[in-house]
Amino acid sequence: MVKITAAVAVKPKAPLEFRELELADPEGNEILVRTVATGICHTDLLLRDGIFGPPAPVIPGHEGVGIVEAIGADVQSLKVGDHVALSQSSCGFCADCRRSHPMNCQNYTQYNLTGLRPNGKKALLCDEVGIGSNFVGQSSFATHILATENNAALLPKENFDLTNAAPLGCGMATGAGTVINAMKPEIGSTIAVFGAGAVGMAAVMAAKVRRCSKIIIVDLNQQRLDMAKELGATHAINGEDTDVVEQIHALTGGGADFAIDAVGIIPVILNSIKCTRAGGHVVLLGLDALGKDIPIPLDLMVFNRKIQGAILGDQIPQLFIPQMVELNQAGLFPFQKLITKYPFEKINEAISDAEAGRVIKPVIVFN
């Protein structure tokens, strides 16, 4: 076992509390990772507030990167000393995993949301208060992570800042993967992206990589709109405008080929659908809260529109995360521009800044 320090969610809306805990040794295909950095994602705040995931007390965090310190007896593709980024965990043997869609893993809950390891054992030893762990296969708000080989992707050791890699496991994978893996726009396609947070910005950069002719970003924050244009957006629209849909139809000559909602608010979702042409493709990524219904008029569906979700960009971490790194190193996916870094002891300040919209992608850096 290894002694760790973790930031624990104890009750909704409350600051995380630091706890000294003991983490079990890896078994089977598990790996022990010394955390170098972790991103903070909106989903972590849904966990903190009891909206999603295992109940409190629980360790949030699902954008961890670090260095492998120990491996279980069944690990084949990783070794001690490897640099890795962690994403959602999957079983590797269900029908969807074998169809190369591990983000659709039929054992998703067991591997990501029980607060226990996939084998049903506790990750935290001598834990009298029952703190949950292994959120989205990791619980990365801690100095060490017990993950599995299946949700770890290798990162380069040379000429790459490991602390910059934290958003790759979720935020960047969700936005970029949605464009590259789920939408697959042809050269010259048009796309509208609602929401200039980390996910929306990743979608903008990926749309530029796919050589979309018009990349339209919609947001309320002018500074974020300006940054989106630096990253590849060809047009920016303030979401407070009453004619957002009409502007997009005018810019695209009748409606965008593709649209992404990265906000999750019902009026914005409806605008993302209405702004597309007949035959358009819409992907809904935003998650404001669970249990909401979307009133979609039938006339938006009958003209061959496709509306779907895409969890974590429908990616295979071991393939897609290294691809994003290669694009970054080629100057085509400069996601590091979105990052603001904080030391681990200031994690609550980072969360406050994220909730207030002062930063796009906060990243916690460990000593």
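Across the whole structure, a search finds 14 salt bridges, and since the model is a predicted one, every distance and accessibility discussed here is a computed value from that model. Side chains of opposite charge can pair when their charged atoms come close.

Arg-117 takes part in a salt bridge with Glu-27, where the N to O distance is 3.9 Å, and in a salt bridge with Glu-30, where the closest N and O atoms are 2.7 Å apart. The cut-off for a salt bridge is 4 Å between a side-chain nitrogen of Lys or Arg and a carboxyl oxygen of Asp or Glu, so the 3.9 Å contact of Glu-27 with Arg-117 falls within that limit.

Glu-27 sits in the loop between β2 (17–23) and β3 (30–39), while Arg-117 belongs to the loop between α3 (108–112) and β6 (124–125), so this pair ties together parts that are 90 residues apart in sequence.

**Other salt bridges**

Arg-19 pairs with Glu-17, the closest N and O atoms being 2.9 Å apart. Arg-19 is partly exposed at 26% relative accessibility, and Glu-17 is partly exposed with a relative accessible area of 36%. Elsewhere, Lys-13, Arg-48, Asp-49 and Glu-355 are joined in a network of salt bridges.

| Salt bridge | Closest N and O distance |
|---|---|
| Arg-19 and Glu-17 | 2.9 Å |
| Glu-30 and Arg-117 | 2.7 Å |

**Cysteines**

A search of the whole structure finds zero disulfides. For Cys-94, the closest cysteine sulfur is that of Cys-97, at 3.7 Å, which is too far for a bond, because a disulfide requires the two sulfur atoms to lie within 2.5 Å. Cys-275 is likewise in no disulfide, the nearest cysteine sulfur being that of Cys-212, 13 Å away. Both cysteines examined here are shielded by the accessibility criterion: Cys-94 is buried, with a relative accessible area of 7%, and Cys-275, at 0% relative accessibility, counts as buried.

Methods. Residues are numbered from 1 along each chain as its sequence is written. This is a predicted model: local features need pLDDT of at least 70, side-chain atom pairs count only at pLDDT 80 or more; totals for chains, interfaces and linings use all residues. Side-chain values use heavy atoms; hydrogens and water are left out. Buried means under 20% relative accessible area, exposed over 50%, partly exposed in between (1.4 Å probe, protein chains only). Helices (H or I, at least four residues) and strands (E, at least two) are DSSP runs, numbered from the N terminus.
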